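Subject: Structure for your review

Dear colleague,

Please find the structure below, followed by an account of what was found in it. I would be grateful if you would read the two side by side.

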Amino acid sequence: MRIVDMHCDTLSKIRDRRAAGGVAALRRNTLHLDLERMRESGYLIQNFALFVDRERCADPWERVCELYRLYREELSENADRIAPVYCYGDIEENERAGRMSA
């Protein structure tokens, strides 16, 4: 059975860790999930939330834009493992190419 996870806050956690001077990336990290563990577990699709805690940031719009840039950068850096989905056919194409879908 393939895994379809409809929500994770990993991008926000990566962003927060980097903002605090730490190192974190989507391919491999010590957070709740990373691409290596996802592949080992049989993930098909992961939906990445662009969560913004309005009480913890001055400009929520800028924060969501920052998270979207981070999402695009991480997908670009990991294009061999994961690719975005815009329609159902993208899921099928990603699976044929051996990639997970985001």
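In what follows, a residue is called buried under 20% relative accessible area, exposed over 50%, and partly exposed in between, with a 1.4 Å probe and protein chains only. By that scale glutamate 62 is partly exposed, with a relative accessible area of 38%.

This is a predicted model, in which local features need pLDDT of at least 70 and side-chain atom pairs count only at pLDDT 80 or more, while totals for chains, interfaces and linings use all residues. Residues are numbered from 1 along each chain as its sequence is written, and side-chain values use heavy atoms, with hydrogens and water left out.

Salt bridges

A salt bridge is taken as a side-chain nitrogen of Lys or Arg within 4 Å of a carboxyl oxygen of Asp or Glu. The search of the whole structure finds 10 of them. Helices (H or I, at least four residues) and strands (E, at least two) are DSSP runs, numbered from the N terminus.

One of the salt bridges joins glutamate 66 to arginine 15, with the closest N and O atoms 3.3 Å apart. Glutamate 66 belongs to helix α3 (residues 60–77) and arginine 15 to helix α1 (residues 10–19), so this pair ties together parts that are 51 residues apart in sequence. Arginine 15 is buried, at a relative accessible area of 17%, whereas glutamate 66 is partly exposed at 27%. Both residues also take part in a network of salt bridges that links Arg15, Asp16, Arg63 and Glu66.

Arginine 69 is partly exposed, with a relative accessible area of 41%. Aspartate 34 forms a salt bridge with arginine 37, where the closest N and O atoms are 3.1 Å apart. In this pair aspartate 34 is buried, at 3% relative accessibility, and arginine 37 is partly exposed, at 32%.

The largest pocket

Grid points are joined across faces, edges and corners, and a volume is the space filled by probe spheres set on the points.

The volume of the largest pocket is about 200 Å³. Its lining consists of Asp9, Ser12, Lys13, Arg15, Asp16, Phe51, Val52, Asp53, Arg56, Arg63 and Leu67. Helices α1 and α3 each supply at least two residues of this lining, and the largest share, four residues, comes from α1. For the make-up of the lining, Ala, Val, Leu, Ile, Met, Phe, Trp, Tyr, Cys and Pro count as nonpolar, Asp, Glu, Lys and Arg as charged, and the others, Gly among them, as polar. On that basis the lining divides into seven charged, three nonpolar and one polar residue.

Aromatic pairs

Rings of Phe, Tyr and Trp (its six-membered ring) pair if their centres lie within 6.5 Å; planes under 30 degrees apart count as stacked, over 60 as edge-to-face and the rest as tilted. The count by this rule is two aromatic pairs. Phenylalanine 48 and tyrosine 71 form a tilted pair, 6.3 Å centre to centre with 55° between the planes. Phenylalanine 48 lies in strand β2 (residues 43–48) and tyrosine 71 in helix α3, so the pair ties together parts that are 23 residues apart in sequence. The ring centres of tyrosine 68 and tyrosine 71 are 6.0 Å apart and their planes meet at 25°, so this pair is stacked. Tyrosine 68 and tyrosine 71 are both in helix α3, three residues apart, about one turn of the helix. Within it, phenylalanine 48 is buried at 12% relative accessibility, tyrosine 71 is buried at 15%, and tyrosine 68 is partly exposed at 39%.

The nonpolar core

A nonpolar core is a set of buried Ala, Val, Leu, Ile, Met, Phe, Trp, Tyr and Cys residues joined through side-chain atoms within 4.5 Å. The largest one has 17 residues, of which Met38, Phe48 and Ile82 touch the most other members. Elements α1, α2 (35–41), β2 and α3 each supply at least two residues of this core, and its largest share, three residues, comes from α3.

With kind regards

Terms used. On a 1 Å grid over the protein atoms alone, a cavity is a set of points where a 1.4 Å probe fits but cannot get out, and a pocket is an open set with protein on both sides within 12 Å along at least five of seven lines; lining residues have an atom within 4 Å of a point.
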